[in-house]
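Hello,

Here is the structure I promised to pass on to you. Please open it alongside this email, and then read on for what turned up in it.

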Amino acid sequence: MRTDVHTHTTFSDGSALSAMIEAAEAAGLDGLGLTDHCILTEDAFGRHETYDLDSTYERRRERIDTARSTTDLTLYDAAEVSYVPEDADRIREFLATADFEYSIGSVHFAGGYDYTSDAQYVDSTAEVRRDAVERYYDTVVDLVEADLFDVLGHLDLPERLETLRGVSRPSDYDRVAAALADSRTVPELNAGRVNDALGRPHPDPSMLSRFADHGVGFVLGTDSHRPEEVTTRVPTLRDRITRSAIDCLEIDALLA
């Protein structure tokens, strides 16, 4: 079986791309998806200027094309796009124009809630925290049903936050699994916090059987922003796949 993962790099630093490729080779991978973040929305969290792949993807593509001659890895020119329902048409137009080999859609913020930091929830009531998490899964289901993306990224992101960990319910996972069962979108098994406080991949391994029951398979994602994260996270992903009933899909299966 091929082992393909997707990870993050930065087009503006050629050495970063080379280091990611070397790390993927050392980890024994067959393919590497280069999925820089892209935020099209001018949001209250001010991140569009930082994650501006919409204006830099052509230059990054040139670097990827050059790098292909230096490795036996299959390199995929891809992107992780933050999903905002109100901007669905804009996202669809951008993806059609950019023509990435595949795309990941992820929810990072929704309805005034930010799921990348604990700060907003430190003094929140249990009701507010549950509302934030429920809004998250509402948006994830909307993302899947929008049929914009090949991959659904870190489908239970609130679990990364200490303040929201454990607020997700089995019914939340059931809703996402049911939506995925009727969609071309495939979720990722994400290793973004396996060596931090969370200590496990996304989604919650205890919920994986719910996806298997719906016939939903997964692709692998290290969510690495540094080369050393590739080499430390890949073994965890392989171990989880070995010990789980879920199907592991190759990136090429998404492109067929």
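The protein chain folds into eight helices and nine strands. Please keep in mind that this is a predicted model. The chain has 256 residues, and 56% of them count as buried. If you look at contacts between residues at least 6 apart in sequence, 76% of these join residues at least 24 apart.

Let me begin with the interior. In soluble globular proteins, nonpolar side chains tend to be buried together. Here, the largest nonpolar core holds 53 residues, and the ones that touch the most other members are Tyr83, Tyr115 and Phe211. Several elements each supply at least two residues of this core: helix 2 (53–67), strand 3, helix 3, helix 4, helix 5 (170–181), helix 6 and helix 7. Helix 4 gives the most, with nine residues. Another core lies apart from this one; it has 15 residues, including Ala23, Ile64, Leu73 and Leu75.

Leaving aside residues up to four places away in sequence, Tyr83 touches Ala88, Ile91, Ser106, Val107, Phe109, Thr139, Asp142, Leu143, Ala146, Leu148 and Phe149.

The largest pocket holds about 410 Å³ of space. Its lining is made up of 22 residues, and the closest to the centre are His37, His108, Thr116, Arg160 and Arg193. What kinds of residue form the lining of the largest pocket? There are eight charged residues, seven polar ones and seven nonpolar ones. Strand 3 (74–82) and helix 7 (227–243) each contribute at least two residues to this lining.

You will find His108 in the loop between strand 4 (102–106) and strand 5 (109–110). Is His108 buried or exposed? Its relative accessibility is 8%, so His108 counts as buried, the cut-off being under 20%. The side chain of His108 has a polar contact of 2.7 Å with the side chain of Ser82. A polar contact of 3.4 Å also joins the side chain of His108 to that of His154.

- His202 and Pro203 are joined by a cis peptide bond, with omega at about -10°. Pro203 sits in the loop between strand 8 (186–190) and helix 6 (208–213).
- Asp99 is not a glycine, yet its phi is positive, at about 55°. Asp99 belongs to the loop between helix 3 (88–98) and strand 4. With 58% relative accessibility, Asp99 counts as exposed.
- Asp147 also has a positive phi, near 60°, in a residue other than glycine. The loop between helix 4 (126–146) and strand 7 (151–152) is where Asp147 is found. Its relative accessible area is 37%, so Asp147 is partly exposed.

Notes: Residues are numbered from 1 along each chain as its sequence is written. This is a predicted model: local features need pLDDT of at least 70, side-chain atom pairs count only at pLDDT 80 or more; totals for chains, interfaces and linings use all residues. Side-chain values use heavy atoms; hydrogens and water are left out. On a 1 Å grid over the protein atoms alone, a cavity is a set of points where a 1.4 Å probe fits but cannot get out, and a pocket is an open set with protein on both sides within 12 Å along at least five of seven lines; lining residues have an atom within 4 Å of a point. Grid points are joined across faces, edges and corners, and a volume is the space filled by probe spheres set on the points. Helices (H or I, at least four residues) and strands (E, at least two) are DSSP runs, numbered from the N terminus. Ala, Val, Leu, Ile, Met, Phe, Trp, Tyr, Cys and Pro count as nonpolar, Asp, Glu, Lys and Arg as charged, and the others, Gly among them, as polar. Buried means under 20% relative accessible area, exposed over 50%, partly exposed in between (1.4 Å probe, protein chains only). A polar contact is a pair of N or O atoms within 3.5 Å; within protein, one must be able to donate a hydrogen and the other to accept it, and residues adjacent in sequence count only if both atoms are side-chain atoms. A nonpolar core is a set of buried Ala, Val, Leu, Ile, Met, Phe, Trp, Tyr and Cys residues joined through side-chain atoms within 4.5 Å. Contact means heavy atoms within 4.5 Å.
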